[in-house]
Amino acid sequence: MSAEEAAGLAASSFGIKVSAFPLGSQQDCNFLLEGDGGSAGVLKIANPAFSRTEIEAQDAAAELVAAAGLRAGVATHGPVVVTAGGGPAIARVLRYLPGGTLTGAGYLSPRVVAELGAVAGRVSRALDGFEHPGLDRVLQWDLRHADRVVRVLGRHVRDGGLRARVTEAAEAAWRSVESAAGELPVQAIHGDVTDDNVVCSVSGGLRTPDGVIDFGDLTSSWAVGELAVAITSVLRHAGAEPCSVLPAVRAFHAVRPLSAAEAAVLWPLVLMRAAVLVVSGEQQAVLDGGNEYVNGALEHERACFEAAVSVPAEVMTTLITNEAGFTRSRPRVAVPAPGVDLGRCVVLDLSVQSDAVDEGAWLSPGLADRLALALLDGEGLDGGADAVVTRYGEARLDASRVLAEVSPATVATGIDVWLARPLDLGEVSAGDGLELSRSCAGTLLPARIPVHVGVRVAGAPEVPPLVRPEYAAGWLALTADPGPLLGLAAGVAVSDGDLLARRAAAFADVQEHYYADPPRIERGWRQHLAGVDGRVYLDMVNNVAAIGHAHPRLEAAVGRQLRRLNTNSRFHYAAVAEFAERLAALLPSPLDTVFLVNSGSEAVDLALRLAFVTTGRQDVVAVREAYHGWTYASDAVSTSTADNPSALATRPGWVHAVDAPNAYRGRYRGASASRYAADAVALVGSLAAAGRPAAAFLAEPYYGNAGGMALPDGYLAAVYAEVRRHGGLAIADEIQVGYGRLGHWFWGFEQQGVVPDVVTVAKAMGNGHPLGAVITSRSVAARYRDAGYFFSSTGGSPVSCVAGLAVLDVIESEGLQANAALVGSYLKGRLEELAGRHALIGAVHGAGLYLGVEFVRDRGTLEPAAAETTAICDRLLGLGVIMQPTSDRMCVLKIKPPLCLDVAGADFFADALDRVLTEGL
Ligand code: PMP
C-alpha cells in the first residue's frame with residue numbers, strides 16, 4: 001500500500017485527514033499519520049492472517065498495559081474492515097508514542113537494559129490473569145513451539161555451517177527447556193517486548209524505555225518468555241555480550257519475581273529465541289527478498305545468535321539464577337585415601353594484592369613460572385619447596401593486560417602446579433560426577449613444568465584455565481577446587497562482605513566515591529589502576545599521582561626515611577632544608593621562602609592569612625566557579641557549585657567574586673574575552689574606592705575547573721597590577737595546574753607572563769603523600785612572623801620532605817614535564833579530530849596533560865550535556881578507562897592523567913572515547 005492510499009484510507013475510514021508515512025514492519029503494514037497539529041496516530045493494517053478476535057485481544061491487552069502506568073499503543077479508532085492489497089484487512093489507528101525506540105545496533109547502557117527488563121516485568125504483571133479468546137493462537141514466535149519452528153524452518157538457512165550450529169544449539173537448549181516445561185507458568189504475554197517495540201522518554205539526551213507498542217505477537221505462553229524475548233534483543237547491540245543482559249534480569253525479577261524453574265530455563269529460551277529469529281528471518285528473506293526491513297534484520301538476528309552461543313548456557317544459567325537469588329550448592333571433590341602428598345608446598349599468590357606482583361612485575365610474561373622455579377630452587381636453611389601451587393578461583397593479575405577494552409580472562413578455574421620431582425597421581429579420582437583434568441598426558445606430573453589441574457562437573461562444557469571475571473561465578477559453578485585432591489586445604493573464599501556498604505556505614509557520606517557502582521581498586525602502577533578482579537584501567541584522572549602510581553623511587557625514599565626518622569620541623573635535619581631550597585629554586589625571584597603544610601586546602605588557607613596579616617585587611621577577590629579547598633578560609637573563596645552546591649549562597653561578605661574568565665561560554669567569548677580583565681580591575685578598584693581595599697586577589701593561573709582553559713591574554717597582568725596598586729597581594733593557586741602538568745610551563749602563571757606574590761602548591765608535590773606548600777617572598781613571610789604563629793606537626797616532616805624531593809627527582813630525571821607537553825599535544829590533536837566528527841563535543845580545552853573535552857547538546861546554545869558526560873564516563877569505565885566529569889556544569893571530561901602517560905595510552909583513551917561517541921549512550 002502506498003502512502004497516498006494509506007492517507008486516503010485514514011480519511012475515508014476514520015475521518016482523519018492527514019499525510020501518511022510508511023513505518024517498517026515484518027508482518028503488518030504501518031503508517032505514521034501526521035497533520036499540521038502533529039501526529040494523529042499510527043495507521044495499522046493488520047496482516048490478513050490475523051482474525052478480528054485476535055486484534056480485539058491485542059487492543060484489550062494494550063489497555064491493560066496502559067492502565068498499569070506504562071505508555072502503550074492503544075487503539076483510538078477501529079478496528080474496521082477495509083480493502084487493502086486487493087482483499088479485506090482489519091485497520092485501526094493506534095496512539096502514537098513519541099520518543100523513539102531502541103531500534104538499531106547502538107550501545108545500550110546497563111541502565112537502559114535494566115529499564116527494558118523492568119518494562120517487560122511490568123507488562124508481564126499487567127497481563128497476568130488476562131483471558132481472551134484471541135489469545136488462543138499458534139504463533140511461530142511462541143517459544144512453546146520454538147523447537148518445531150527451528151526444525152521446520154531451519155532448511156531456509158542458506159549457510160550450511162550456520163544452519164548446523166543453529167539446529168544443534170536449539171536442540172541442546174530445548175532439552176533443558178523441556179525438562180522444566182511442566183513447572184513454567186503460562187499466561188498472556190506481549191511476546192515482543194524488544195528494543196524495536198519499547199518506546200522511550202528522552203531526558204538530558206538519554207533514553208529511558210517506558211512504553212510498549214506492537215501487540216501483534218500477543219499470545220498465551222510461558223510467562224518467562226516475555227523476559228527471554230526482551231533480553232535476546234539486547235544481544236545485537238554494540239558491545240553487548242551475554243552478561244550485558246543481567247541488569248534486565250535483575251530488574252524484571254524485582255517487578256515480577258522469577259521462579260527457580262523460570263530462572264533455569266531463561267538462557268535456553270534466549271537461545272531458542274535467537275535460533276527462531278535466525279530461521280524465520282532467513283525464511284522471510286526467501287519469501288520477501290525485496291523487503292529491506294527483513295534483509296536489515298537478518299544481520300542483527302545472526303548477531304543475537306552468535307552472542308547467545310558465545311558463552312555456555314550452563315554458565316549463563318548460574319549467573320541468572322544468582323541474580324534471582326537461587327544459589328546452588330557448589331561441587332566438592334572427594335578427598336582420596338591415601339591422599340596425595342606434595343611435600344613442602346608453597347602457595348603462590350598472584351592476586352592484585354600480592355607482593356609478588358609489585359613494581360609492574362605482573363606485566364612481564366612468564367612471571368608465575370619464574371617465581372615458582374625460584375621457590376623450588378630456594379636457598380638458605382629451608383632449602384627449596386617440593387611443590388608450588390597457585391590458587392583456585394583467584395583473579396590473577398599476571399593474567400591481565402593493560403589497555404584492554406574487554407576485561408581479560410584472569411580468574412583461575414583450577415590450580416597450576418610446579419613440582420621439584422615428578423609425581424605419579426596414580427588412580428586419583430575427583431569423585432562421583434566430577435572429572436579430573438590435567439594439562440599433561442598420563443598420570444605422571446613432570447618436574448619443573450607447570451601443570452594445570454582442574455576438576456569439572458562430568459558432562460560440563462570444556463572449562464578454560466582462566467575465565468573473565470564477569471562470568472567467573474558461572475564457570476566456577478561447573479568446577480570444584482582440586483586442592484584437596486592434591487592434599488591441599490580447600491581454598492577458602494575470603495569475602496570482605498559488601499565493602500561499599502561498610503564504607504557507607506562507617507565513613508561520612510559527604511566524602512563521595514566515583515561511580516555509582518565503583519570497581520574495587522587495590523593497586524596502581526604508572527598510569528594504570530588494577531581492580532581486585534584483575535581488570536586494569538587506564539587512569540586518566542589522577543593528577544595527584546603525577547609521577548605515576550607506586551613509583552619505586554618514591555616508595556624507597558619514603559620507606560628508608562620511615563625506618564630512620566620521622567619527626568617535626570622544629571628538629572634540625574637535612575631534608576627540610578634541601579626540600580625548601582629545591583622548591584624555592586623552582587620559582588622566580590622574589591619567591592624564595594617556603595612554608596610546608598599537608599594539603600592544598602591548608603596551603604590556600606595559609607596564603608590568605610599571609611595576605612591578611614601582611615596588609616592588615618580582610619577582603620579578598622576571587623574568581624567564580626573555582627575550588628580552593630575545604631578549610632574555613634579556602635572554602636570561603638571557593639565558589640564552584642560543582643563542589644559545593646550552596647557555595648554562592650554561603651559566601652561570607654569578605655569574599656568578592658569576579659566572573660570566571662571563560663572565553664568559551666562565559667559572559668565574554670572569543671576575542672571579547674579580554675573584557676574580563678577590565679571587569680575584575682573595576683571590582684578591585686571599586687572595593688578600594690569604598691574603603692575596603694582587597695588583601696588579595698586569588699586565582700588559579702590557568703582555569704582548571706573548566707577543563708584547563710588559558711586565562712585571556714594579559715588577564716593576570718592587569719588584575720595583579722590593580723590589586724598591587726591598592727596594596728594587595730596576588731596569590732596564584734598552582735595546586736592543580738602547576739608542577740609541570742601544563743607541559744609548556746612548569747607553573748601556570750608563566751603562561752600569563754606574571755610573577756605572583758604568593759604561590760600555593762600541593763597534589764603532585766607528594767604524588768599522593770599529603771604535602772602542600774606556600775612559597776612567597778622573605779618580606780611577606782616576615783610580616784606573618786610579626787603578626788602570627790605557624791607550626792604544622794607533620795608539614796615538613798622528614799618523610800614528607802624526602803617524598804617531595806623524590807617526586808622532583810623523578811619529574812626531572814624522567815623528563816615528565818616534556819612528556820606532558822609531547823603526549824599532551826598529541827592527545828589534544830586526537831581529541832580535536834574527534835570534535836570534527838562528533839557534534840556532542842563543543843570544545844577541546846587545555847595544554848599539556850591538563851585537558852578538557854566539553855560536551856554540549858547544541859553548538860549554538862552551548863547547552864551543557866551533563867547527563868551525557870556522566871554516561872560517557874560510565875561507558876569509558878566499562879572500556880577500561882577511569883574518567884570523571886568536571887566544571888560547574890559537569891559537562892567537561894577532566895583529563896589529567898599521571899604525567900608518564902604515553903602515546904599508546906593517549907591513543908587508547910581517544911579510541912575509547914571515539915567508540916563511545918560512535919556507538920551512542
Ligand atoms: N586548590 C585547587 C585549585 C584544587 O584543585 C584543590 C583540590 N582539588 C585544592 C586547592 C585543595 O587541595 P586539597 O584537596 O589538597 O586540600
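## Strands and helices

Two strands count as paired if DSSP finds at least two bridges between them. Helices (H or I, at least four residues) and strands (E, at least two) are DSSP runs, numbered from the N terminus. By that rule, β5 and strand β6 (residues 87-94) pair in the antiparallel sense over 7 bridges. Within this pairing, His77 stands opposite Val93 in β6.

A word on the origin of the values: this is a predicted model, where local features need pLDDT of at least 70 and side-chain atom pairs count only at pLDDT 80 or more, while totals for chains, interfaces and linings use all residues. Residues are numbered from 1 along each chain as its sequence is written, and side-chain values use heavy atoms, with hydrogens and water left out.

## The whole protein

You are looking at a protein with 25 helices and 37 strands. Its C-alpha atoms fill a box of roughly 100 × 85 × 45 Å along the principal axes. Of the 921 residues, 55% are buried (under 20% relative accessible area; exposed is over 50%, partly exposed in between, with a 1.4 Å probe and protein chains only). As for contacts (heavy atoms within 4.5 Å), 73% of those between residues at least 6 apart in sequence join residues at least 24 apart.

## An open sheet and its helix

β5 and β6 belong to an open sheet of 5 strands, ordered β1-β2-β3-β6-β5 with antiparallel pairing. At the edges are β1 (19-23) and β5 (75-84), each of which pairs on one side only. On average, neighbouring strands of this sheet are turned by 25° against each other, direction ignored.

Helix α1 (residues 3-14) lies across β1, β2 (29-35), β3 (38-45), β5 and β6, and runs at about 115° to β5. For such angles, axes are lines fitted to C-alpha atoms, for helices over the stretch in contact, and the values run from 0 to 180 degrees between N-to-C directions.

## Ser601 in helix α16

Ser601 sits in helix α16 (residues 600-615) and is buried, with a relative accessible area of 7%. Its side chain reaches the backbone nitrogen of Trp630 at 3.1 Å. Leaving aside residues up to four places away in sequence, Ser601 touches His628, Gly629, Trp630, Thr631 and Ser634.

How values were computed:
A polar contact is a pair of N or O atoms within 3.5 Å; within protein, one must be able to donate a hydrogen and the other to accept it, and residues adjacent in sequence count only if both atoms are side-chain atoms.
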